[in-house]
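Please read the following briefing alongside the sequence and the coordinates.

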Amino acid sequence: MTDVEPRPAEVRADTETADSPPAPSRRTLPPPLRPQLLLSWLPLAAAAVLWVYALPRIGFRSMGDYGLLDRFPVAYYAALALLTCGFLVALRRAGTAPWWPAAYCVALLVALKAPPAVLYGAVRYPWASKHDAVVNQMLLGGELRPYTTQSGNMSAYDQWPGFFTLVGGLVRAFGVESAAVFLNWAPIALGLLMMPVLVLLYRTFTEDWRLVWTAVWIFQLANWVGQDYLAPQGFAFLLHLSVLAVVMRHFVRPGSAGRLRDRSYLDPASAAVPPPTGTRQRAVGVAVLAPLILAINASHQLTPVMLCVSLFALTLTRRYRNYGLLAVAGLIMLVWDLTMGRPLFLETLGTLRDSLGQLTQNSRAGYAGELTGPGPELAGLANVLMVLVVAALAGTALLLRRRLIHAALPLLLVSLAPVPLFVVNDYGGEMLFRVYLFGLPGAAFFAAATLVPAAGGAWRPARRRARAFTLHAVLPVALLVLLAGFLPSYYGKEKMYYTPPAETALVTRAIDRAPDGALLLATTGSFPGALHRYDRVEHWFFAEQELPENERMLADPARYLADGIPPGTAAYVVLTRTQDIYAAGEGLLPPGGFDVLRQRLTASPLFGVVERHPYGIVLEYRPDTRTTDAPGGARP
């Protein structure tokens with residue numbers, strides 16, 4: 001009988017002696033992985049400690065010209081720097097442990113955008129309070145009035161009520177008093193929901209987890225436009241990206257991939273084209289996506305247009321030439337615009353003759369005037385530089401990663417598709433920001449492709465050195481530059497965005513005192529509670545016009561306003577701290593103009609003081625004191 005070869009366990013038992021160290025258990029990590037794991041979680045933990053330490057030390061109540069930039073303690077900036085360093089370390093293991101870069105991306109989102117949610121006792125962004133007013137009105141009234149003209153241009157919210165209906169359901173489900181309770185947490189909630197959509201979108205075109213998470217990181221740093229608060233745009237944008245992600249993964253036409261299924265041709269980081277789908281499968285996909293497209297149309301005016309131009313751009317490629325989906329999206333948009341959204345849709349069509357082709361006018365930002373003050377000016381400069389940096393990084397990928405660009409051509413076309421809308425309309429001074437927002441997911445991906453060279457392939461020594469230099473020098477510097485640009489872009493004008501609770505209470509008292517049908521006058525609608533009871537009170541934001549006209553108004557503001565108040569109408573002027581800051585920062589009034597306005601109205605016999613408060617003043621119009629020879633007139 002031949003000898004039986006001992007099993008591996010028996011060999012280990014025979015070779016071990018009393019002096020031998022014990023064999024490592026299967027759960028013990030190999031020694032080389034221990035320091036890597038330590039470097040993965042230690043910066044994250046240290047950054048969390050620093051952030052929590054810094055949070056109560058943020059002097060948001062005493063903000064100056066630079067918003068929160070000079071009110072953040074050093075510990076806050078150190079936490080962001082540590083997160084960046086930890087992310088770069090975790091990126092090295094992204095292929096085998098992608099959850100570590102994911103954890104850092106979540107931490108970055110919270111670190112950047114949670115301070116207002118945690119600290120503020122009132123709604124961030126004064127204009128966001130009108131969304132709370134819309135939800136309250138829908139819950140109290142229980143009906144939509146899309147064809148009724150409402151004060152403050154609020155009819156549009158009844159014409160596109162989908163988002164507000166959802167938020168009203170959340171208010172009822174959570175059992176809270178109003179949406180204001182959780183409104184400031186919307187950027188974090190939307191950011192968390194956006195991450196898996198971005199990952200799905202990016203994984204369609206690359207297998208490199210380093211590239212995917214770097215693109216997500218860049219998207220967060222470059223998303224400074226402030227459209228992720230509790231508003232229809234942020235919600236509709238999330239649905240828009242979800243539709244595109246599904247289309248790019250599950251609507252590939254048979255026989256359209258060509259060389260893109262050949263690994264020898266593809267960029268080492270490229271993913272193969274997803275499997276093709278037949279006509280029946282795509283028809284089912286259209287049926288599945290139709291409710292999402294309907295939800296987009298029910299929630300927002302502009303996003304359906306962006307979706308249609310994006311789907312049209314995809315038809316320019318062989319891979320996604322799906323005219324059926326484009327037709328369905330266009331039909332849903334047209335039906336909604338001609339039914340629920342008909343009043344605003346026809347009004348917009350009437351303005352196209354004046355706006356069509358006006359590129360300079362359509363690409364303006366805001367109402368009128370120029371940003372004034374150190375903080376707003378710095379924020380404006382940072383906005384421009386951020387756009388240029390992201391565009392330069394994305395453009396470099398077009399030169400350095402041409403095979404990856406070929407594979408990701410649909411994403412490139414979708415990113416460029418919104419640009420022609422500059423020719424059509426200015427969208428109330430917002431088109432510039434919206435085009436940037438809708439092009440940002442693709443721009444972030446291609447910027448990351450520049451900063452994260454492909455890992456595979458046989459490189460020459462010079463190429464290997466260039467690749468190492470990009471990863472170890474250019475990438476960290478670029479991420480720090482983007483972080484440095486995000487902070488003034490997002491927080492440089494924070495003095496405009498923070499509204500003390502006492503100011504909100506002042507405005508609420510003033511509007512509650514006003515009788516039904518009264519006229520509320522203010523320089524701008526960007527102050528807390530401006531549209532409280534908008535169904536019962538009319539509004540006139542008299543400084544939302546060109547600066548020269550406001551300068552003429554300041555010569556005799558009492559007579560100017562009195563000429564615009566309809567006879568027999570009870571009218572109240574509300575001037576608040578937030579209006580002062582906003583009107584000055586946006587250049588609506590000349591320097592010192594708000595103080596002049598307040599002093600002259602207070603001194604005028606046409607207006608009497610109802611309530612004076614450190615955060616503002618409420619005046620009542622008293623037509624009985626008006627001189628008999630004062631000319632009457634319609635509201636300017």
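The points below are grouped by topic.

This is a predicted model, in which local features need pLDDT of at least 70 and side-chain atom pairs count only at pLDDT 80 or more, while totals for chains, interfaces and linings use all residues. Residues are numbered from 1 along each chain as its sequence is written, and side-chain values use heavy atoms, with hydrogens and water left out.

**Overall composition**

- The protein has 26 helices and 5 strands, where helices (H or I, at least four residues) and strands (E, at least two) are DSSP runs numbered from the N terminus.
- Of the 636 residues in the protein, 52% are buried, a term that means under 20% relative accessible area, with exposed being over 50% and partly exposed in between (1.4 Å probe, protein chains only).
- Among contacts in the protein with a separation of 6 or more, 76% come from residues 24 or more positions apart, contact meaning heavy atoms within 4.5 Å.

**Packing of α10 and α12**

- Helix α10 (residues 232–250) packs with helix α12 (residues 303–314) at an angle of about 20°, and their axes are 10 Å apart; axes are lines fitted to C-alpha atoms, for helices over the stretch in contact, and angles run from 0 to 180 degrees between N-to-C directions.
- That angle makes α10 roughly parallel to α12, since angles under 35 degrees count as roughly parallel, over 145 as roughly antiparallel, 65 to 115 as roughly perpendicular and the rest as oblique.
- On the α10 side the contact is made by Q233, A236, F237, H240, V243, L244, V247 and M248, and on the α12 side by T303, M306, L307, S310, L311 and L314.
- Sorted by class, the contact of α10 with α12 has 10 nonpolar, 4 polar and no charged residues, with Ala, Val, Leu, Ile, Met, Phe, Trp, Tyr, Cys and Pro counted as nonpolar, Asp, Glu, Lys and Arg as charged, and the others, Gly among them, as polar.

**Cysteines**

- A search of the whole structure finds 0 disulfides, a disulfide being a pair of cysteine sulfur atoms within 2.5 Å.
- C105 is buried, with a relative accessible area of 0%, and C308 is also buried, with a relative accessible area of 11%.

- Y125, although not a glycine, has a positive phi of about 70°; Y125 lies in the loop between α4 (99–119) and α5 (129–141) and is buried, with a relative accessible area of 4%.
- R533, a residue other than glycine, has a positive phi near 60°, and R533 is placed in the loop between β1 (519–522) and β2 (538–541).
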